[in-house]
Amino acid sequence: MAEDNVYESMLCVKPEVHVYRIPPRASNRGYRAADWKLDEPAWSGRLKITAKGKMAYIKLEDKNTGELFAQAPVEQYPGCVVEAVTDSSRYFVIRIEDGNGRHAFIGLGFADRGDSFDFNVALQDHFKWVKQEGELAKMEASQSTAPKLDLGFKEGQTIKISIGNIKKKDSSSAKPHPMAGGLLPPPPGVKTGGIIPPPGSQQTKSALLDYGSPVPETQPSADVWGDFTSAGSNSSNDAAKSGWVQFS
């Protein structure tokens with residue numbers, strides 16, 4: 001019942017072939033087409049090769065009505081059902097069956113060498129596909145019977161992941177970044193942005209701003225040069241006249 005539902009595909013069609021009566025095989029050397037009466041074929045018609053599942057069928061039909069003349073079921077190729085002759089590539093010997101268990105061997109010939117080549121290749125391709133399908137089925141069967149690898153965690157099972165030593169960055173050991181412009185950071189205790197005034201600058205500033213009040217004689221001098229100008233009063237007076245300041 002399953003075979004009746006299998007799709008039948010067409011592999012090859014040749015519009016003209018010839019059938020010959022062949023003598024019994026004289027030896028194990030094989031058949032020779034020269035022993036046949038090639039100029040007197042027993043039948044001429046159309047050839048079809050169909051495939052149904054793994055089986056291939058060589059069908060000989062009437063070219064006008066399509067009536068089946070003979071059929072040769074092929075289970076494997078090369079095999080005993082189709083055999084090439086030893087003296088030509090255009091002739092074959094096939095075994096036909098009538099469906100009742102009876103069979104006979106007949107000669108099959110092609111008028112064109114290209115038609116015989118197509119006949120041969122169609123059978124080869126089909127049984128190559130059958131072989132590949134069989135190997136694929138065996139592979140799938142072996143994979144289904146093989147035990148599956150279970151990589152899942154069992155109940156209560158844990159894993160430990162070890163990560164390499166990671167050094168934490170110590171904020172206390174961080175080096176201070178230099179200020180913009182290449183300036184060094186201020187010393188501790190001084191606010192950023194401030195400038196340390198020189199000694200006596202506040203007194204000098206107040207003295208410069210106080211234009212009206214004369215500086216007392218007893219008030220110490222706010223001159224930043226200090227003792228450099230106090231030493232040698234005589235020489236300083238002479239230097240002042242000339243516009244130069246003499247250091248002692």
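**A guided tour by selection**

Begin by selecting R21, which lies in the loop between β1 (8-20) and β2; strands here are DSSP runs of E with at least two residues, helices are runs of H or I with at least four residues, and both are numbered from the N terminus. This is a predicted model, in which local features need pLDDT of at least 70 and side-chain atom pairs count only at pLDDT 80 or more, while totals for chains, interfaces and linings use all residues. Residues are numbered from 1 along each chain as its sequence is written, and side-chain values use heavy atoms, with hydrogens and water left out.

Is R21 buried or exposed? R21 counts as exposed because its relative accessibility is 70%; the class exposed requires over 50% relative accessible area, buried means under 20%, and partly exposed lies in between (1.4 Å probe, protein chains only).

Next, move to R46 in strand β2 (residues 43-52). Beyond its neighbours within four places in sequence, R46 is in contact (heavy atoms within 4.5 Å) with residues including V13, K14, P15, V17, K59 and G66.

Now select F153, in the loop between α1 (113-145) and α2 (201-209). F153 is exposed because its relative accessible area is 57%. Together with I159, I161 and I163, F153 makes a nonpolar surface patch of about 510 Å². Patch residues have over 30% relative accessible area and no salt bridge; like charges are joined within 9 Å, and nonpolar side chains (Val, Leu, Ile, Met, Phe, Trp, Tyr) within 5 Å. A salt bridge places a side-chain nitrogen of Lys or Arg within 4 Å of a carboxyl oxygen of Asp or Glu.

C12 counts as buried because its relative accessibility is 7%, whereas C80 counts as exposed because its value is 52%. The structure holds 0 disulfides, a disulfide being a pair of cysteine sulfur atoms within 2.5 Å.

Finally, display the whole protein. There are 4 helices and 7 strands, in the order β-β-β-β-β-β-β-α-α-α-α from the N terminus. Of the 248 residues, 20% are buried.

Note on methods
Accessible areas come from the Shrake-Rupley method with a 1.4 Å probe; for residues, only the protein chains shown count as cover.
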